Amino acid sequence: MAKYELLSKVESMLPSNAQIVESVFEGANMVLYSKNKSFVLNSSSLIRRIVNTVKKRVEVRPDPSILISPDSAKAIIEKEVPEEAGLQDVWFDDQRSIVILEADKPGLVIGHLGRVTKSIRSKTLWIPFVRRAPAIKSDLVKTIRYTIFSNSGYRRKFMHRIGQKIYGTPINKNNYWIRLSCLGGFREVGRSCSLLQTPHSRVLIDCGVNVASENRAYPHFEAPEFDVKALDAIIVSHAHLDHSALVPLLFKYGFKGPVYCSEPTRDIMTLLQLDYIDVNQREGKKLLFDSRDIKNMIKHTFCLSFDEVTDITNDVRLTLFNSGHVLGASMAHFNIGDGFHNMIYTGDFKFADTNMLSKASNVFQRLETLVMESTYGAKTDIPLSLKECEKTLISLINETISNGGKVLVPVLGAGRAQEIILIIEKAVRDKALKDVKVHVDGMVWDVSAIHTTYPEFMNRDVKNLVFRKDHNPFLAPCFKWVGSQKERVELINSKKPCVILATSGMLTGGSSVEYFRQLAENPVNRLIIVSYQGRGSLGRRLQAGERTIKMELHKGGVEVIKVRMGIETIEGFSGHSNRQELIDFVKYLQPRPKRVIVMHGESSKCLDLASSIHKLFRVETQAPRNLDTIRIR
Ligand SMILES: [Zn+2]
Ligand SMILES: [Zn+2]
């Protein structure tokens, strides 16, 4: 639609007494602020008709001038919500006339047929949003939410600007084209970064770091087509650092647009980015950005639910789908040029159910180009089944514990850690594991807390367990949180056998390296590797058989470690699809794409998978290199 045509069309459909004080965009949606109390409360059927006509989301909210004060509203809310609901927190967003109610039992806050929330609305005019209070409270989630609320006025203006851009210029379909530039993560794992360009839009998809490499750590920001200030939006597929680490750096470089991702991705990536700064600082490395840049990113981030369609520019429409990789991990579907071309970027994905997540989505309305990962894309990548992996893990833990040793499992903060926690908890419940204490180090615990904040992103079984407070697997008595350096030292010095889950997953920094250093020389201990080990990482070197490890000390000098602990790799816990699952994904994908672009895999895997897909399905495949640009249309 032409400039503001949408706003005037909607306004023309309103009754004369609607008393609209302001009509604004919230991104691609429209919000009308009215001073007429009865219009605010009774316009829902009219608004439904308007939505059906303009095919955009339209909402009516009370103008802040007719709201009662937050204090009086809170008193009414506390009276209306039944005690059994367990109301925990009430947040007022006074710029948007919204109040968020956090409770143990959201159903009771809403009431039968919405009786309670309707009553709150009519007595206070504030618009209530109800959500479940997390089982494990996370300071980080609180801080993120506070950052968003305290910048609500800024965000309101910002969202309006985005809407003006989306609806400002009509698409010119003459000489229309689409290109994808490969800035990082092509024929390699790490530093994922792609730039999607059309005559109207520049959208960056992921912006990660390769933590296992010194000289190939960052995407090719020097590529001529990359201009941070010209970017319209950034999409983050999931929280892992090889996809999200450098988003705050782009804000430092002058990016002022929106970031789109799922809610768990926003929270977990914030945690991992803060930890990334922390690890670099402790290792005396130069910091690329600081917590202010992360805060700036949070202020500009918009969270989408799975399957929610949103215009992000005037010619690109984005929908996120479950990718089954880690909590909140998404595949991004792009409808480009008003149906001209449809592309899916899978990010990292698992095309099989795991203990915690449902398998990746594979049915879409339209699809022409698929950009997919290939971490385990080679013919030789045939891992054990998940059941076999679980049995191996449990028997290795039992064996080590009965020999009086400690088991160290280096994990990525998000993903494998929670999967392993669920497996151990179940084994303890089933008595397959006896008397084992599992120490969950710092960040792993924080990420678990975020998991309990968003149970709806986990599969039905785990979600139901988390909802039943006394059965929450993340709070089972076998787990103990290690929160401080003092507790870490005590744990290492204690003679008691135990299991330790610590980050980073590739032993490239973080507390897993500290534990490794202290446990490595004792042959009764065991290191169990359960996740992907990047080239050059300490984990990869140990897998390759290196047993004399030189480590630089913080205070200077080098320590030589003779590794005598047992080292085992269990391949198959991965949150990535194995070879067969990658092939099956393409096989069962609806509709079948015309072109497949393979990325996020070492060179040989990308080439192997691309050629196999071509032979099996007779579609055009490509395994581009970094700095290549592909013309999609
Ligand atoms: Zn990942
Ligand atoms: Zn990745």
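This is a predicted model: local features need pLDDT of at least 70, side-chain atom pairs count only at pLDDT 80 or more; totals for chains, interfaces and linings use all residues.
Visitor: Why are helix 4 and helix 6 called roughly antiparallel?

Guide: Helix 4 (residues 70-80) and helix 6 (residues 115-124) pack at an angle of about 155 degrees. Angles over 145 degrees count as roughly antiparallel, and therefore helix 4 and helix 6 are described that way. Their axes are 10 Å apart, and helix 4 passes helix 6 in a right-handed crossing.

Visitor: Which residues make the contact between helix 4 and helix 6?

Guide: Helix 4 contributes Ala73, Ile76, Ile77 and Glu80, and helix 6 contributes Val116, Ser119, Ile120, Lys123 and Thr124. A pair of residues is in contact if their C-beta atoms lie within 7 Å.

Visitor: What makes helix 7 roughly perpendicular to helix 11?

Guide: The angle between helix 7 (residues 139-150) and helix 11 (residues 263-282) is about 110 degrees, with their axes 10 Å apart. The range for roughly perpendicular is 65 to 115 degrees, so helix 7 falls under that term relative to helix 11. Helix 7 passes helix 11 in a right-handed crossing. Leu140, Val141 and Ile144 of helix 7 meet Arg266, Asp267, Thr270 and Leu271 of helix 11.

Visitor: Why are strand 4 and strand 6 said to stand at the edges of their sheet?

Guide: The sheet is open and has 3 strands in the order 4-5-6, with mixed pairing. Strand 4 (87-93) and strand 6 (127-132) each have a single partner strand, so one side of each is left without a neighbour in the sheet. From one strand to the next, the twist averages 20 degrees.

Visitor: How do you know that strand 4 and strand 5 pair?

Guide: Pairing requires at least two bridges between the strands. Strand 4 and strand 5 (residues 98-103) have 6 bridges, in the antiparallel sense, so they count as paired by that cut-off. Trp91, for example, has Ile100 in strand 5 as its bridge partner.

Visitor: Which residues of helix 20 are buried, and what does the term require?

Guide: In helix 20 (residues 579-588), the residues Arg579, Leu582, Phe585 and Val586 are buried. A residue counts as buried if 20 or more other C-beta atoms lie within 10 Å of its own.

Visitor: Why are the buried residues of helix 20 said to line one face?

Guide: Seen down the axis of helix 20, its buried residues fall within an arc of 130 degrees, so they line one face of the helix. An α-helix has 3.6 residues a turn, so residues three or four places apart point the same way. The buried residues of helix 20 pack against strand 26 (595-599) and helix 21 (603-617).

Terms used:
Residues are numbered from 1 along each chain as its sequence is written. Chains are lettered from A and ligands numbered from 1 in the order in which they are written. Helices (H or I, at least four residues) and strands (E, at least two) are DSSP runs, numbered from the N terminus. Axes are lines fitted to C-alpha atoms, for helices over the stretch in contact, and angles run from 0 to 180 degrees between N-to-C directions. A residue is buried if 20 or more other C-beta atoms lie within 10 Å of its own, exposed if 12 or fewer, and partly exposed in between; C-beta atoms are placed from the backbone. The arc is that of the directions from the helix axis to the C-beta atoms. Two residues are in contact if their C-beta atoms, placed from the backbone, lie within 7 Å. Angles under 35 degrees count as roughly parallel, over 145 as roughly antiparallel, 65 to 115 as roughly perpendicular and the rest as oblique. A crossing is left-handed if the near helix is turned anticlockwise from the far one by less than a right angle, and right-handed if clockwise.
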